[in-house]
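Grab a pencil and work through these exercises one at a time. Try each task yourself before you read its solution.

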Amino acid sequence: MESFEYAQPTGLEEALTLLAEPGTLAQAGGVDLLDRLKEGLDTPKRLVSLRKVKELSGITEEAGGLRVGALATLDELAEHPLMRSRARALAEAALHTATPNVRNQATIGGNLVQRPRCWYFRSDDFHCRKKGGPVCYALEGENELHSIFGNGVCAALHASTLAPALVALGATLDLVSKKGPRTLPVSDFFMPPEREVTKDTVLEPGELLRSILVPLGEPTDRSAYQKQGQRESYDWPLVDVAVWLRLEGETVRDLRIVLGAVAPVPRRATAAETLLRGKKLTEALAQAAGAQATQGATPLAKNRYKLPLLSAVVARTLLSAERGA
Amino acid sequence: MSKDPHIPLTRRGFLGGAAVTGALTIAGSAEGKKPGPRILGPGAALLRLQVNGAKSTVMVEPRATLAQVLRDQLGLTGTKVGCDRGSCSACTVHVDKKPMSACLLLAVDCTDREIRTIEGLAARGTLHPVQAAFVEHDALQCGFCTPGMVMSCAALLAAQPKPSLDEVKTAVSGNTCRCGTYPKVFAAAMAASGQAVPPGDLVIIGGHRDGDIPKGQLLLGQGEGPLGTVARSIPKDEPPAWPENGALSVVGKRTPRVDGVEKVTGAARYTFDVKLPGMLYAKRVTSPHAHAEILSIDTTDAETAPGVRAVHVVETQLEGAKLQGAPKLGDKRYPTVRYAGQTVAAVAATSPEAAEAAAKRIRVRYELKPHVVDVDAARDPKAPLVYPTAVDMGGSAGGGGAARGLAQNGNVRGPALTEHGDVEAGLRKSKVKVTGVFRTQVQTHSAMEPHGVVADWKASGLTVYCSTQGTNTVRDELCTVFDLPASKVRVIAEHMGGGFGAKFGARHEGIIATHLSRKAGAPVRLVFDRKEEHQSGGNRPSTVQTLTLGASEKGELLAVKLESFGTGGIATGAGVGAVAERLYPARSFRGAQHDVFTHASPCAAFRAPGVPQGIFAVEGLVDELAERLGLDPLALRDRLDADELGTIDREARRLERKLGAEAMGWAKRRRPGADPGRIKRGLGMAQSIWGRFVDMGSNAEVRIHKDGGVEVRSSVMDLGTGTRTALALVVAEELGLTPDQIAVRIGDTDHPQGPASGGSKTLLSVTPAVRAAAWHAKQKLFAAIAHRFKTSPERLLASGGQISVEGQAQTAVPFKKACAFMKTGEVVHLAKRAADYDGPPRGGYGGVQFAEVLVDTETGIIRVERVYAVHECGRPINPLAIQSQISGGIMHGLSWALYEDRVLDRRTGRLLNGTLDSYKIAGAKETPRIDVVLVEQYVGRTNTDVHGIGEPANIATAAAIASAVHNAIGVRIRTLPMTPAVVLAALAQRGA
C-alpha cells in the first residue's frame with residue numbers, strides 16, 4: 001500500500017471542499033477501499049475520512065420512508081426494527097452480506113459505490129477494459145462468476161448486494177457536491193459499461209452519496225431478498241434476487257423483481273413482472289416468472305449454470321415475499 | 001502537548017518501529033491553529049490508542065492498519081493476519097465492543113475507539129469463559145485462527161448470553177479455520193454460554209486384534225474386544241507392554257492440550273510472530289509471466305532505495321523438476337521462468353513497506369515464451385514445452401508416480417507402470433465391466449499461517465525460525481545448500497499454523513532469506529502474503545483418471561485398469577497413489593500414471609498425496625459395480641475386503657462398516673434418486689486405505705531433575721495435531737504423573753532428532769522412543785533412590801504422583817520428594833525408536849466414512865448434513881485430539897469435494913483466485929454434524945501401539961459425499977469440485 005495523506009473533516013461542507021481536490025478518495029467504512037489500496041488498484045494522494053461527518057450518519061423516519069445516512073452500517077440496517085418489518089428485503093440483504101466483522105464496519109454508501117469483484121479487475125496483473133485497458137479478459141477467459149446479461153463490453157458484475165433490494169423497494173439516492181444536491185432513483189445510479197466502462201456509477205468527481213430514502217410504502221407491502229452463494233458462510237452471491245410486492249387481497253397489484261450478480265447493473269426483470277401483475281401469485285406462476293427472468297441472457301462459456309440458478313432463486317424469492325417469511 | 005490524538009510528523013516512510021529521530025511538527029487542527037479538517041501524513045504521525053484498557057502511543061503513517069500497529073508497534077502478536085483482506089477474521093478484535101477485522105481498519109480511524117485484543121480478554125489472569133471452553137473442548141488445532149475465533153465467540157456471548165447454535169455458526173461464519181475445528185468451536189461456544197453442546201459423538205470401541213505369537217514373550221489377554229487378543233514379541237531393552245487403555249491412568253483419556261492456554265490467549269508464538277532485534281523484511285520479485293527467459297536484471301535502483309540492506313538475484317533453479325543430465329544452467333545466468341509467480345530476486349529492507357517499494361525498483365527484462373496451463377492442452381504434442389528435455393525430481397513431490405528416469409514425451413512424463421497379471425485377459429473374462437473418467441482439481445493447502453522463515457546468519461552459526469513440519473529436514477537442506485555442518489545450523493518451529501504437507505524443506509523462500517541474511521549481516525524475515533501462499537505455497541495436483549473394473553458375476557474383482565494424467569505444474573508427483581491396486585486387490589492390474597507438466601507452480605505433498613483422488617475414482621466405480629451386480633454397496637465391499645490379497649485388517653473394517661451402517665440407517669437407504677421433491681436426501685459411503693510409515697530417525701530424551709521436574713526433548717514439532725500433548729501423556733503415564741507436570745521441549749534441532757510431522761507417522765515414530773526414554777530414565781531414577789526405600793530398584797513403582805515399593809502402599813513418597821533422594825542433579829536417558837517388533841506384515845490402516853447429503857436439484861447446491869467416520873486408530877493416546885484431527889480431515893475432504901479450485905487464467909497463466917475471498921474453503925455453515933468412532937486396534941509392534949490418523953481422516957470423505965450425491969439424485973458426478981455448475985449440468989444431462 002502506497003503512502004497517503006489522511007484528512008478527517010467534521011462537516012459535510014468541509015468534506016466536499018476536500019473531495020473537490022484531485023487525487024482524493026472518500027473513505028466511509030473503508031472495507032473495499034483498503035482492499036483496492038493494498039492491491040495497488042488505487043493510489044490516492046489523500047483519503048478523506050467521512051467518519052466524523054455527522055450529516056452522513058443515522059437512520060431516521062420521515063414522511064417518505066426511512067432516511068438512511070450513507071454511513072449507516074450493514075449491521076445497523078440488518079438490526080433496524082422498522083427496516084426488518086417494512087423493508088425486509090434490505091434488512092435481509094444487509095444480514096447476508098460479507099462477514100459479521102465486515103457488517104460492523106461496512107456502510108450502505110460504501111456498499112453502493114464499491115468496485116466490481118471481477119478477478120481480472122481486482123488483480124494488479126491485468127490491465128483490463130474497466131481499468132482503461134484494451135480487453136475484457138473475462139469474455140474469453142475464466143468467466144464462471146461473471147455476468148450473463150449485458151456483457152458485450154465488460155463482463156464484470158456490479159458488486160453491491162444491497163442494490164437489488166434498494167431498487168426493488170424504489171429507493172432514491174441523495175447526492176451532493178460543491179455544485180449542489182441532486183436526487184435520483186437507485187435504478188439510475190449504476191453505469192452500464194456500454195455507456196462508460198471505466199465507471200461503475202454516475203457519481204461525478206467530488207460528488208458524495210449523502211443518504212438513501214427507503215420508502216416504506218403501504219403496511220401491506222411485502223419484500224424479500226434471497227442470495228445464493230456457493231457457500232452459506234461468508235461468500236459473494238452467484239445470484240441474488242430482491243422482490244417487492246404490493247398486494248390487493250391475494251392479487252399482485254404491483255411488483256418489482258430485481259436481479260443481482262447477473263449483470264453489470266442491478267437488472268429489473270420487467271417481463272417477469274408483467275407476467276405476474278394483476279394475478280394471484282401461485283407456485284406455478286412464480287416458476288414461470290423465474291423462467292421468464294432469464295430471457296435475453298447471453299451467458300458466457302462457463303456461466304450458463306447461472307440460468308437455472310437464477311430461475312430458481314427468482315421463484316423462491318417471489319414466494320418468500322408473498323409469504324412474508 | 002496537544003489534546004489532539006493525531007500529531008503528524010514530517011518524516012515520510014516511517015512505519016518500521018525504529019527509534020524516532022525526526023522532529024514533531026504539529027499541524028492540522030491542533031490547538032492554536034485555525035479550525036479546519038485534521039490532516040495527517042503521509043509521514044508518520046503520533047497516534048494515541050486505547051488498547052486493552054491502557055493508553056498507548058504509536059508513531060505510524062496513516063496507511064498503517066490497526067493489525068500492523070497492534071502487532072508491530074505494540075507487540076500484541078495474538079492478533080493474527082491470515083489474509084489481510086477481511087476474509088478470514090483471524091485478526092478479529094473488539095472495537096467499541098464490536099468484532100471487527102483489524103486488517104481492514106486504519107489505525108488513524110481507531111484513536112477514539114476502545115480496542116480489545118485477545119491479550120486483553122482474560123481478566124487478571126483468569127481465562128474468559130470462551131477461552132476456558134476452547135481449551136476444555138479442544139476447539140483448536142494449529143491455533144493460528146484461534147484468537148480470532150475466540151474474539152468472535154466472546155463478542156457474540158457479550159451481545160447474546162444464550163445464543164442458539166445457528167447464531168454461533170453465524171458469529172464465526174467469517175472465521176476461516178483450515179484445520180477444520182468448527183464442530184468443537186460450536187461446542188465450546190455453547191458450553192461457555194452454559195448450554196448443551198451440539199450432537200456429534202466420539203465413541204471409542206475397545207477392540208484388540210488377533211495376532212500370531214512369533215516369540216511369545218507376552219500375551220495380552222484382554223480379549224473382550226471385538227477384535228480379540230493381541231500378542232507381542234518384546235525385545236530386550238524395551239519397556240514392558242502397557243495394558244489396555246482402560247487400565248492406564250492418563251494415556252487414552254480425553255485430555256485438553258497442554259499448550260491450549262497459550263493458544264487461546266494469543267501467547268503462542270509462531271514464526272509469523274518472530275521479531276528479532278535489527279530484523280529486516282524481505283520481499284520477493286516474482287515473474288508476472290508464465291514462461292520466459294530472463295535477459296537481464298537491474299538491481300541498481302533497488303540497492304540504493306531507502307532502507308534496503310541486501311538484494312539477492314536467483315541464479316540457480318530452486319523449484320520444480322531438474323533436467324536429466326544437465327543440472328547446470330549452461331551459459332545462462334538466470335533460470336528459465338516456468339510459472340507466473342516464480343521468484344526472480346528479493347530484497348531485504350528495514351520495513352515491509354521499504355522492501356515492497358524497493359522490490360518494485362528491480363527491473364527485469366524478459367523474453368516471453370509461449371505457455372500452457374491447461375492440463376488437457378498441455379498433453380497436445382504441439383503444446384509449448386515446459387521442459388526441453390526429460391526431467392527428474394526428488395521425493396518431496398506431491399504424490400505417487402514420480403519415479404526417476406521415466407520417459408518423457410512433450411509435457412507428458414511417464415507412465416509410471418504398475419502391473420500384475422494380464423489385465424486385458426482379466427477384462428475379457430469379466431462378466432461385468434464398469435468404466436469412468438474422473439476429474440479432480442488443483443487444491444491449495446491454504447494453511448492459515450503462510451510459509452515463512454526468519455533467517456539469522458551469524459559467524460557462530462545460522463539460526464532459522466521456520467513455519468515447517470520438519471525442523472531437521474529444513475536444517476539438512478540448508479546445510480547442503482550453504483555447505484554448513486549440521487552443528488552450525490539450528491532450526492526452530494515452536495508453534496506452527498498448519499502445514500498439511502506443504503511445509504517440509506527449506507524451500508526456495510528459506511534459501512533466499514538465508515542468502516539475504518548472510519549478505520545483510522542481520523536477521524531477515526520472509527513471510528508469504530496470502531496471494532503468494534496460493535501462488536507458491538504448494539498444491540494438490542489435478543488428475544484425470546480413466547478407470548475400469550472387471551468382475552465376475554459374484555463380484556470377484558478380476559481386473560483393474562487405471563490410466564491417469566495429472567498436473568503438479570512444473571513438479572512431478574501428480575500421481576494418484578496405489579489405491580487402485582491396493583484398496584481392493586484384483587487378479588490382474590495395470591496402472592499407468594503420468595505427470596503432465598504445465599506452466600504452473602509446483603505441487604507439494606498434501607494430506608494423503610494422490611490418495612483422495614484415487615479413492616474418488618475407485619470408490620465411485622465400486623459403487624457403480626455394486627449397482628450393476630445388483631448388490632448393496634456394503635455387501636460388495638464385504639466381499640472385496642475379504643479377499644486374502646488385501647493388506648487391510650478385514651475384521652476391523654467389517655466392524656467399521658457395520659457400525660456406520662447402523663448409526664446412519666443404511667438399511668432404510670432409498671434407491672438412487674428416489675427421494676421425491678426438489679431437495680433430495682442421499683446417503684453414501686467410501687473406504688480409505690493408508691500405509692504404515694515409520695521414521696526411524698526418531699529420538700527422544702527424558703530428564704528427571706532432582707527437584708522433581710521432568711522434561712522430554714525431541715526436535716519433532718507440533719503442527720496442531722497435539723504432538724506436544726501426546727508426548728506429555730506418554731511420559732506422564734510412565735512416571736505416574738499428570739501431563740501438566742511434564743515440560744515438553746520440541747520443535748528445535750538443538751534437541752535430539754525427531755521425525756518430521758507428516759505421513760501420519762509422527763506419533764507412531766516418536767512415541768515409542770519417548771516411552772523408552774521415560775521408562776529407562778525411570779529405571780535410572782529408581783537405581784539412584786532405591787537405597788532410601790531400603791529395597792532394590794526393580795521393586796519400585798511410580799504411580800499416582802508417588803514412588804513406592806511394589807505392594808507396600810505405606811512406603812509411598814511423593815514423586816518430587818523421592819527425586820530429591822538423588823545424589824546427582826538429574827537422570828537422563830536418550831532413546832531411539834526401536835524397530836517394529838516381530839510379527840505378521842501390517843499393510844495399512846483402513847477406515848470407513850458415511851456421508852448424508854441434501855442436494856437442491858434447482859440450484860445444484862449440495863449440503864453435507866452429517867459425516868460418520870469410523871477409523872482404526874491403534875492405541876489412542878489422546879482421543880480428544882484424534883477427534884479434532886478427524887474432523888479436520890473430513891472438513892478438508894468436504895471442502896475439496898464441493899468448493900476449492902485454484903483458477904489460472906489460461907491466456908496469461910496467472911493466478912486469478914489467490915485470496916480467501918475467491919478461493920473458497922468450507923466454513924462454519926458448511927460444517928456437518930461429525931461423529932467419530934475410533935476402533936482401538938493394538939497391533940503389538942511398538943511399546944505404544946500408536947497408529948497414524950491425519951491422512952486416513954481425509955481420504956474417503958469426498959468419495960463418500962459423491963456416493964451420497966448419487967444416492968440423492970441418481971446421477972454419478974465424476975468431476976470435482978461438485979459446484980452448482982457441475983451438479984446442474986449433470987442433472988440436465990440426465991433430464992435430456
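**Exercise 1.** Is B:Arg490 buried, partly exposed or exposed? Then find its salt-bridge partner and say how the pair sits in the chain.

*Solution.* Keep in mind that this is a predicted model.

Step 1: Look up the relative accessible area of B:Arg490, which is 30%. Buried means under 20% and exposed means over 50%, so B:Arg490 is partly exposed.

Step 2: Now the partner. B:Arg490 forms a salt bridge with B:Asp748, and their closest N and O atoms are 2.6 Å apart.

Step 3: B:Arg490 is in strand E24 (residues 489-492) of chain B, while B:Asp748 is in the loop between strand E33 (742-745) and helix H19 (762-789), so the pair ties together parts that are 258 residues apart in sequence.

Step 4: B:Asp748 has 8% relative accessibility, so it counts as buried.

**Exercise 2.** Which residue meets B:Arg71 in a salt bridge, and are the two buried or exposed?

*Solution.* Step 1: The partner of B:Arg71 is B:Asp273, at 2.9 Å from N to O.

Step 1: This pair links distant parts of the chain, 202 residues apart. B:Arg71 belongs to helix H1 (residues 66-73) of chain B, and B:Asp273 to the loop between helix H6 (260-264) and strand E11 (280-286).

Step 2: B:Arg71 has a relative accessible area of 8%, so it is buried. B:Asp273 comes out at 6%, so it counts as buried as well.

**Exercise 3.** Where does the salt bridge between A:Asp125 and B:Lys531 run?

*Solution.* Step 1: The closest N and O atoms of A:Asp125 and B:Lys531 are 3.5 Å apart. The cut-off is 4 Å.

Step 1: The pair crosses between chains. A:Asp125 is in the loop between helix H7 (108-113) and helix H8 (137-140) of chain A, and B:Lys531 is in helix H13 (residues 530-536) of chain B.

Step 2: A:Asp125 has 26% relative accessibility, so it counts as partly exposed. B:Lys531, at 23%, is partly exposed too.

**Exercise 4.** Describe the interface of chain A and chain B in numbers.

*Solution.* Step 1: Start with contacts: 62 residues of chain A touch 68 residues of chain B.

Step 1: Next comes area. About 5600 Å² is buried between the two chains, and carbon and sulfur atoms give 48% of that.

Step 2: Count the salt bridges. There are 16 between chain A and chain B, and a search over all chains of the whole structure finds 95. One that joins the two chains is A:Lys52 with B:Asp112, at 2.2 Å from N to O.

Step 3: Look at the chain A side. Helix H6 (residues 100-105) gives the most to it, with 6 residues. By class, this side has 24 nonpolar, 16 polar and 22 charged residues.

**Exercise 5.** What span should helix H12 of chain A have, and what is the distance between its end C-alpha atoms?

*Solution.* Step 1: H12(A) covers residues 306-323, which is 18 residues.

Step 1: At 1.5 Å a residue, the helix should span 26 Å; the end C-alpha atoms are 25 Å apart, which agrees.

Step 2: How covered is the helix? Mostly: 14 of its 18 residues are buried.

Step 3: Just after H12(A), A:Gly324 takes a positive phi of about 75 degrees.

How values were computed: Residues numbered from 1 in each chain as written. Chains lettered and ligands numbered in written order. Predicted model: local features only at pLDDT ≥ 70, side-chain atom pairs only at ≥ 80, totals over all residues. Heavy atoms only, no water. Helix = DSSP H or I, 4+ residues; strand = E, 2+ residues; numbered from the N terminus. Expected span 1.5 Å × (residues − 1). Buried < 20%, exposed > 50% of the residue type's maximum accessible area, 1.4 Å probe, protein only. Contact = heavy atoms within 4.5 Å. Buried area = accessible area lost by both parts, 1.4 Å probe. Salt bridge = Lys/Arg side-chain N within 4 Å of Asp/Glu carboxyl O. Nonpolar A, V, L, I, M, F, W, Y, C, P; charged D, E, K, R; others polar.
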